[in-house]
Amino acid sequence: MLYDIAIAGAGVTGGMLARELTRYRLSCCILEKENDVAMGASKANSGIIHGGFDPEPGTLKARLNAEGVPLLYKAAQELHVPYRRNGSLVVAFDQTEEDTLQRLYERGLQNGIAQMRLISGEEARALEPNLSPEVTKALLVPTAGIICPYQLTIAAVGNAMDNGAELLRNFEIVSIEKEEYFTLHAKDGRTVQARFLVNCAGTSADRIAEMLNDRFYTVIPRAGEYLLLDKTEGKTVSHTIFQVPTKNGKGVLVTPTADGNLLLGPTASVVQEAEDTRTTPAGLDFVETFAKRSVPAVNTRNVITSFAGVRASEQGGDFIIRPSGKVDGFLHIAAIDSPGLSSCVAIAKYAVEQLRGMGLSAEPNPDFNGEREDPHAFRKMSDAEKDAFIKQHPAYGRIVCRCETVSEGEIRDSLHRNPAAADVDGVKRRTRSGMGRCQGGFCAPYVMRLIAEETRCPMEQVTKKGGRSAMVFGEEEEA
Ligand SMILES: Cc1cc2nc3c(=O)[nH]c(=O)nc-3n(C[C@H](O)[C@H](O)[C@H](O)COP(=O)(O)OP(=O)(O)OC[C@H]3O[C@@H](n4cnc5c(N)ncnc54)[C@H](O)[C@@H]3O)c2cc1C
């Protein structure tokens, strides 16, 4: 099959770019090595819509963060992705950190970030009563927010697919040739051809570049470990609380999540392998200690899980979004570490401009519809509306995940809506079944049975996350 554009990688960058490209009459495919979308950094990050004061003025990061925030709020509304404009506070504990806050404030002004304010420790505690009494000053950024990063990615890819883009899963690109067109070879022998190729492969972007003999950057994988707390702790703070950034990143934050939990983290440590998403006792101790420095009331007895994500950092420190100097039709979108999530819509629009400059002719697609059906519409109904709906659709009256109150109807739907969930973790990210206190201990077998029924496959073929992650073995006994 020959496409106008192939996108390598279905993270938030590739997904948002695909959505942007379907605004035009173009054929587009997204090639993803995993069994689902949002399996890289876009699954495991802080989920913060950064205000934009942090990037170095004059960089692409500074520009696309500032442009990206309002665009992201708009896209989140159109795509029905959970988000909240909760504002952020960067807190200082002494004169040296206060001086850093002042520099951040000035940098924010240079980046065109409006409405920021330096406030006293007392004012900060009036906004956040659980803040440490040791906090002496804070930078308040009311435009910052929180968003669910994997639901955003799922929604962006889903909306792109609703508008004609194709997603090829388990398509691990292992080699690429360029003659008249790009020919992309997958590990399993499939091939795809395209006129233009966009590299959105996150921590593997340098490997993709290498395949075309155009590797001029090296991704430095930097892991961030987190602790996630139960929803009982979700109101410990209402703003996102940062400490002053260091050369290693934005420091440990304490934040509510868009889904109502409390999140602590991340660390920032270089790892050998980009796939290394293990958490470590030392990393999690560090997170706990530093989170309690800002918010001593943090109750880590209610931690429900820990996880890690890996940033695709690069020595230069800026996003790399530019056409290849060697291979016509090849666009690099690499080193998209933080604030890549906050900037994703702006990155997609900037990339389309680059592609046009590279000769892509793009006529508007009159059928484009940027609105996605709300997958959580049932949850938002009143009790009376739910009663009426359940009478019509009884599966919505059967609760599968008790912790998060997720119904059988929502799970069955998630197995058909673009991009359909294909495994237990995919259902989890779409519906939140298994995201609660018991972490799927109760509902996982029920979810597996629903996947088996809806996809017409035996239980032993149902996987946790694709590949060799089957959850049961042997033949099922007749009931
Ligand atoms: C710990 C951490 C905290 C962060 N916090 C924030 C934050 O609060 N706010 C913010 O704005 N940003 C944050 N970021 C940055 C943000 O998460 C990233 O900028 C964003 O997710 C990058 O998306 P991506 O699509 O470029 O990469 P990814 O999400 O990593 O996607 C790349 C995709 O390419 C696929 N792929 C790789 N190789 C191949 C291949 N050979 N063939 C086919 N597919 C392939 C991968 O499977 C993956 O799905 C954070 C990142 C981390 C790790």
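**Exercise 1.** At roughly what angle do the axes of helix α1 (residues 12-21) and α5 cross, and within what distance do they come?

*Solution.* Keep in mind that this is a predicted model. Start with the axes: those of α1 and α5 come within 8 Å and cross at roughly 30°. Next, apply the cut-off: angles under 35 degrees count as roughly parallel, so α1 and α5 are roughly parallel to each other. Then the handedness: α1 passes α5 in a left-handed crossing. Finally, who touches whom? On the α1 side, the contact involves Val-12, Gly-15, Met-16, Ala-18 and Arg-19, while α5 brings residues including Pro-149, Leu-152 and Ala-156. Sorted by class, this contact has 8 nonpolar, 3 polar and 1 charged residues.

**Exercise 2.** Work out how α1 sits against helix α8 (residues 344-357).

*Solution.* Again, begin with the axes: α1 and α8 come within 8 Å, crossing at roughly 55°. The two helices are therefore oblique to each other. As for handedness, α1 passes α8 in a right-handed crossing. Among the α1 residues that meet α8 are Thr-13, Leu-17 and Glu-20, and the α8 residues there include Ile-347, Lys-349 and Val-352. This contact counts 10 nonpolar, 1 polar and 3 charged residues.

**Exercise 3.** Check the length of helix α5 (residues 149-162) and say how enclosed α5 is.

*Solution.* Take 1.5 Å a residue: the 14 residues of α5 should span 20 Å, and the end C-alpha atoms are 20 Å apart, which agrees. Now count burial: 13 of the 14 residues are buried, so α5 is largely enclosed by the rest of the structure. After α5 comes Gly-164, with a positive phi near 115°.

Key
Residues numbered from 1 in each chain as written. Predicted model: local features only at pLDDT ≥ 70, side-chain atom pairs only at ≥ 80, totals over all residues. Helix = DSSP H or I, 4+ residues; strand = E, 2+ residues; numbered from the N terminus. Expected span 1.5 Å × (residues − 1). Buried ≥ 20, exposed ≤ 12 C-beta atoms within 10 Å, placed from the backbone. Axes fitted to C-alpha atoms, helices over the stretch in contact; angles between N-to-C directions. Parallel < 35°, antiparallel > 145°, perpendicular 65-115°, else oblique. Left-handed = near helix turned anticlockwise from the far one by under 90°. Contact = placed C-beta atoms within 7 Å. Nonpolar A, V, L, I, M, F, W, Y, C, P; charged D, E, K, R; others polar.
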